[in-house]
Amino acid sequence: MSRQKIVIDPVTRIEGHSKISIHLDDDGRVEEAYFHVTQFRGFEKFCEGRPFSEMPSVMARICGICPVSHLMASAKACDAILAVRIPESAVRLRRILNLAQIVQSHALSFFYLSSADLLLGMDADPAARNLFGVIRANPALARDGVRLRQYGQQIIEWMAGKRIHPTWVVPGGVNEPLTAEKRDLILAGLPEAIQIARRTLEWFKSENERFREEIRTFANFPSLFMGLVGEGGGLEHYDGKLRFLDAGGHIVADGIDGAGYANHIAELAHPWTYLKTSYYKPMGYPEGVYRVGPLARLNIIDGCGTPRASQEWAEFRELDRGAVLSSFYYHYARLIEILYALETIERLLSAPQVLDKNVRAFARANNSEGVGITEAPRGTLIHHYKVDGDGLITWANLIIATGHNNAAMNRGVLQVARHFVHGNRLQEGMLNRVEAVIRAFDPCLSCSTHAVGRLALEIELRDAAGEVVDTVRQ
Amino acid sequence: MARILIIGYGNPLRGDDGFGWHAAQRLRETVRDSDVEILTVQQLTPELMDPISRAAKAIFLDAAATGEPGHLSVTPVDPAVMGPASFTHFATPAGLLAGARALYGSETAGVLVSVAGADFSLGAELSEAVLRATEELLDLAVRDGCWVLAHPA
């Protein structure tokens, strides 16, 4: 049998455009697998020469799903260039907005993109394996998903003026205080949202047994984990310091601030993808492969910090002796984070300082360099800018969550392909599992375009001469 | 419950693609009717099923890629379940109506009001033809009420 290649193009139900290729050896066994990101954006280059004060609103345009995350990391990098301590009320408001982003994005990932796999099964008819299939099979779950995402989006609109590409977060703070009316609107929706998060968690836990094989094979391997932790090692999405943890649950590096990230994180480029790959510098590549995002965050922390999420986290940590290694549990971690985010929003809004009118510090550029680090829904997001004497950007580097996870996603695709792909006959369930492991990471490939028409998904099995041996379409 | 829900959608930075977005923004500024709720969005998403389910009539304002520039058409929309890739990167008026019916049991009627665009290149301005059609539409809605938008000419 000659060497063959299977291509999944495009990968569906993720944010952005990508494909997967699986290479088989002479005996039809999986030899290698690649996750290719096929889109190119170039933000780091074309922002050169722009005033740094424009960066948050420019960077928010990177993505229509997580503009708030880029807005936040960019504004923090600009705060560092201003060299100001922003008002406490602005920090509080930014935190709430960032958590609302976590809620809406996690809801999108779990309910809209992945729940069809979980509810209907990986082998279900692809024509039904979408949100409409969920609506038919479990309308209550679908209603909960719609409601939760709507609530997260609504908070963003109430606070920042619009749901997509808001510009409310600015260097030095935010550009408008929160009104009591808006605060009350947000608070009024919290009890229902918390109920939804809690019952979805119960549902997910009750379904776990059905996915033993996926739990065992979905990017389930030892790796490092990285993310921000707050004071006392608590769960943190807006500020804090970076921590690396190994698979055994031991802290490898801790207390890394913005200025020190480059000593610990290095990037490399592969010729087969536009997505850069990050690794833990002291260990090199590939030994220094790490994961970020909800699973990593719940692995690296010492505690959650809110009552209900803490209970769930304690249960989650029972899954493994060290770090929880299966990437299938990204879904589980996402739900716990939604609960945490809602509880924290409630706490932050309940303090009278949230209505403080002093929400912005003004200054000129006082530093020639600034780094902003936040936790986006998908993981750690780093914006690093350098400016000249006029405050114009001379250099920018962005390390996004999906880049941190790139090596782990590739390794995950290989693991799933080796487990499920056999010989030269392709099956729909195989196709979906290879995609589903990517979906578990919830990569965001910065999709900002309207798709027209039906998305084609096709796997082709070709022999060494390029002849198609088998094809699966949906 | 608003009896009419108007959803204007499109990309306001892609020329005439922003017709629905601009028209809805203008309607929000001029229409004072508690029976009318107006939303401006850049694309249709599943969350819209909820407000759609609470309306008697949903009017979708969108640009059309084909047709004589500035030509306005009003077409009834029937609920229709979308295909396998539904709701991942886009939704349709028919899909949202079907989803609202399945999830909330609503009987919301839908209508698509579209204006054929002339120029979809980068830019925040509408072409002259689409601008003229937008003004006519607004005049009509203000003079005769938003219900007039829901009836095919």
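Author: Two strands are taken to pair if DSSP finds at least two bridges between them. Strands (E, at least two residues) and helices (H or I, at least four) are DSSP runs, numbered from the N terminus. The model is predicted, so local features need pLDDT of at least 70 and side-chain atom pairs count only at pLDDT 80 or more, while totals for chains, interfaces and linings use all residues. Residues are numbered from 1 along each chain as its sequence is written, and chains are lettered from A and ligands numbered from 1 in the order in which they are written.

The sheet is open and has three strands of chain A, in the order β12-β13-β14, with antiparallel pairing. At its edges lie β12 (369-376) and β14 (393-399) of chain A, each pairing on one side only. On average, neighbouring strands of this sheet are turned by 10° against each other, direction ignored; axes are lines fitted to C-alpha atoms, for helices over the stretch in contact, and angles run from 0 to 180 degrees between N-to-C directions.

Between β12(A) and β13 (residues 379-387) of chain A there are eight bridges, and the two strands run antiparallel. Within this pair, A:Ile373 stands opposite A:Ile382 in β13(A). Helix α3 (residues 67-82) of chain A packs on the sheet, where α3 touches β12 and β13 of chain A. Contact here requires that the C-beta atoms of two residues, placed from the backbone, lie within 7 Å. The direction of α3 makes about 150° with that of β12(A).
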